[in-house]
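Let us go through this model by question and answer. Each answer ends on what was asked for.

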Amino acid sequence: MGDVEIITELPLLAVRDVIIFTDMILPLYIGREKSLAALEAAQETRHQVFLVVQRDQGHDLPGPEDLFRVGTIAQVVRQLKMPDGRQKILVQGLAKAKIAEFLGEEPYFKVRVDLLRQPPVEGDAVELEALLRNAREQSQRILMLRDVLSDEIASLLDGIEDPGRLADLVVSNLRVKIEDAQKVLETTDPVARLRMVNDILTREVKVSAMQAKLDSEAREEMDRTQKEYYLREQLRAIKRELGDESDRDEEAEEYRAKFRKAKLPKEVAAEAGKQLARLEWMHPDAAEASIIRSYLDWIVELPWSVTSRDHLDLIEAKKVLDADHYNLKKVKDRILEYLAVMKLSHRQKGPIICFVGPPGVGKTSLGQSIAKAMGRKFVRLSLGGMKDEAEIRGHRRTYVGALPGRIIQGLKTAGSANPVFMLDEVDKIGNDFRGDPASALLEVLDPEQNSNFSDHYLNLPFDLSKVLFITTANFLDTVPAALEDRMEVINLSGYTAEEKVLISKKHLLPRLIRDHGLDADAVSITDSAIMSLITAHTQEAGLRGLDRKLAAICRKVAREVAEGRGKRFRIGEAQLLKYLGPPQIFPEPKLLEGQTGVATGLAWTETGGELMYVEVRTMPGKGNLSLTGSLGEVMKESAHTSLTYARGQATRLGLARDFFEEMDIHIHVPEGNVPKEGPSAGSALVVALISALTNQPVPRDVAMTGEITLRGQILAIGGLREKSLAAMRAGLKRVIIPRQNQSELEDVEEIPQSIRRKIAFIPVDNIGELVDVVFPDKNFVRPTRAGRVRPRSRKPARGASRGRAVPAA
């Protein structure tokens, strides 16, 4: 202890993983609040502190019961404040002591200690010399095995004759357990302490010898140029000694069994074997090992050679399709044709079918029925709002959390290499800086390329040619041309009122009765009541609104049954007011009867056909034309074309040649918050304009559609079926169409008899014929028919005749 005066009431510093012995100098880092406070208080105790080890090294806030009672009084020799708020101190052990009493716990531990004095050395001198020599030799042997022995250390060990000091020096410099070092610290007898150290050294010699042996075995098999190989061999040697190597072999054999069971293609099996070999040489806890395991798990779980057996009984397949969906003859015929070809030739590639139609017409449910009819698994993937190309192609394995794309994930979920795979909302795919998913789909939906589809995660070819891909869209205007070219488009138009009545009775109502827990005969709805639901409570091309109204009726009936107010209910038109309230849809044509300057056009939208009213008003002015109602550029051009035509035909229309010079014209299409676009509103625009200029009212029961030219020609349009359904829902009697669309009237599936019985379709070639039909009592001079344009294809230009946007013209 020298000349330093020992203080017995000291601040206590709890340390985690080191024991300070007498005369030992050691740096410590102080960061806990109590320890910093104790260090501050040490200024009042001549920089002396009491160092003691805590029992649980992971405890951040130890209490008195968490501390050993024997520690070391130490002098703080040097103190340095670190940038992070901690303090680095250099301490020197002065004397051993034992806690006699805790004098305080806040803001730091303060203790009163009793010094532990070392008794004089007693015992046999020969035994003592043997203990000293043994401690020196075993210490040197351990340091030599660890390759850290030097002449200075050997001289230091040989120069110490005090058994207590030698014991303390050896324990403080060897990596021994805290519990063993604490026992040595607590032992005051120097000879007994040296015996304990000898026992520890004997055990440490064995451990160090085993480490040296393992190191030697690993080095013998090591390639000197490969450090990584050396590390792996060393780990293997350790595993071999511990007997844990069997787990690694068992994992590898398990993967090989899975490879055989999955019947991997040759290229896939080669890559899987290569990755498994890497895994075998890798430490099981390495970060890359988990990545390789995930990769191998994906490989063995994909259906490389698993396929569903197709039901090739065409009669049975037709029964399934007919049971689930009413009408839709074109779609059903296409599926049956595919099954017929499959029955005759098993090498047929899966078609890429695209169902296009308004919401609620059964596009998604039709895909489920197709899978059921074919006996295949069904997978659905919604593409709406998808903006990341990696959603289709997958992420590369270099990224954290990488996964295969949604296509591969869907096949894994299906567990089959030939499911019916529905890609919903293909018209609503987005794109941004992460790529263009629509372009990624080009490979997926190309029968000539998808037999070797490569996902970025797998980086292996997967055969998608057996998959029956079905896409759905509300319209094709936003679908890239290259993607549309790869798909076989089948249009699903809206249903007529008669078709909706039949679908309600055959499909919707029975399903809703079951879903609401009612008996099969608990609810019956008359045909007239269903027709009233269709015309007065819903206005749509599909069936979703009608389904919701029928569900509302079933809910109210279920409540009445539950309350014991009846068991069977027959609902007619009179009961609809009770169950659904007053009608919500009123036919607008009745409000516009016989008005001048107002014409009824027909629009195609993504939700089906709609009526579109064109209003024109004239007033004194200076020849200005105003266009309002959120019209698109094409509709504005049609309005200008209509005015130009009227000015050119002023004499034939009975107008002054300079009528426009002293007149302003305002053309407006109601519902100004809804964008409108498309050329097929030309007929309605020119009729409304002529009506306003000649003061002739337009009959309310007539609607028109067609694109006009400056020469007065009326060109073909698209979406005739949807527009016809809209006219029929509104109760219109006549629809004027371009003559080039007349061939569609002969297609029973395109324009059913139920529509043609209620609506008279009047084909016209030019505006003169159009005016004659709309204003039969007005003796306008008809323009010449010379210069008629060559008939065009029925297929309209992209995004034009169908009137892109909502509602389109």
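Q: How many residues lie between strand 5 and strand 6 in their hairpin?
A: Strand 5 and strand 6 form a hairpin. Helices (H or I, at least four residues) and strands (E, at least two) are DSSP runs, numbered from the N terminus. The number of residues between strand 5 and strand 6 is five.

Q: What is the model, and how are its residues numbered?
A: This is a predicted model, in which local features need pLDDT of at least 70, side-chain atom pairs count only at pLDDT 80 or more, and totals for chains, interfaces and linings use all residues. Side-chain values use heavy atoms, with hydrogens and water left out, and residues are numbered along each chain as its sequence is written, from 1.

Q: In which sense do strand 5 and strand 6 pair, parallel or antiparallel?
A: Two strands pair if DSSP finds at least two bridges between them. Strand 5 and strand 6 have six bridges. In strand 6, Lys110 is the bridge partner of Gly104. The sense of pairing between strand 5 and strand 6 is antiparallel.

Q: Which residue of strand 6 is the bridge partner of Glu9?
A: Strand 1 covers residues 9–15 and pairs with strand 6. That pairing is antiparallel, over three bridges. In strand 6, the partner of Glu9 is Arg112.

Q: Which residue does a cis peptide bond join to Glu106?
A: Most peptide bonds are trans. Here omega is about 0 degrees, in the bond from Glu106.

Q: Is Lys263 buried or exposed?
A: Lys263 lies in the loop between helix 8 (245–262) and helix 9 (266–280). Its phi is positive, about 50 degrees, although Lys263 is not a glycine. Buried means under 20% relative accessible area, exposed over 50%, partly exposed in between (1.4 Å probe, protein chains only). At 60% relative accessibility, Lys263 is therefore exposed.

Q: How does Glu425 count by relative accessibility?
A: Glu425 is in the loop between strand 9 and helix 16 (437–444). Although not a glycine, Glu425 has a positive phi of about 60 degrees. Its relative accessibility is 26%, so Glu425 counts as partly exposed.

Q: Are helix 9 and helix 10 roughly parallel or roughly antiparallel?
A: Helix 9 and helix 10 (residues 287–301) pack with axes 10 Å apart, at an angle of about 155 degrees. Axes are lines fitted to C-alpha atoms, for helices over the stretch in contact, and angles run from 0 to 180 degrees between N-to-C directions. Angles under 35 degrees count as roughly parallel, over 145 as roughly antiparallel, 65 to 115 as roughly perpendicular and the rest as oblique. So helix 9 and helix 10 are roughly antiparallel.

Q: How many nonpolar residues are in the contact of helix 9 with helix 10?
A: Contact means heavy atoms within 4.5 Å. Residues in this one include Val268 and Leu279 of helix 9, and Ile292 and Tyr295 of helix 10. Ala, Val, Leu, Ile, Met, Phe, Trp, Tyr, Cys and Pro count as nonpolar, Asp, Glu, Lys and Arg as charged, and the others, Gly among them, as polar. In the contact of helix 9 with helix 10, one residue is polar, four are charged and the nonpolar number nine.

Q: Which residues does Ser638 contact, beyond its neighbours within four places in sequence?
A: Ser638 lies in helix 22 (residues 633–648). Its relative accessible area is 8%, so Ser638 is buried. Leaving aside those neighbours, the contacts of Ser638 are Pro679, Gly682, Leu685 and Ile708.

Q: In what order do the five strands of the open parallel sheet run?
A: Strand 8 (378–382) and strand 13 (488–491) are the edges, each pairing on one side only. Strand 7 (residues 352–356) is joined to strand 13 by four bridges. Cys354 has Val489 in strand 13 as its bridge partner. The order of the open sheet is 8-9-12-7-13.

Q: Which strand does helix 13 run at about 175 degrees to?
A: Helix 13 covers residues 363–374. It lies across strand 7, strand 8, strand 9 (420–424) and strand 12 (468–473). The strand at about 175 degrees to helix 13 is strand 9.
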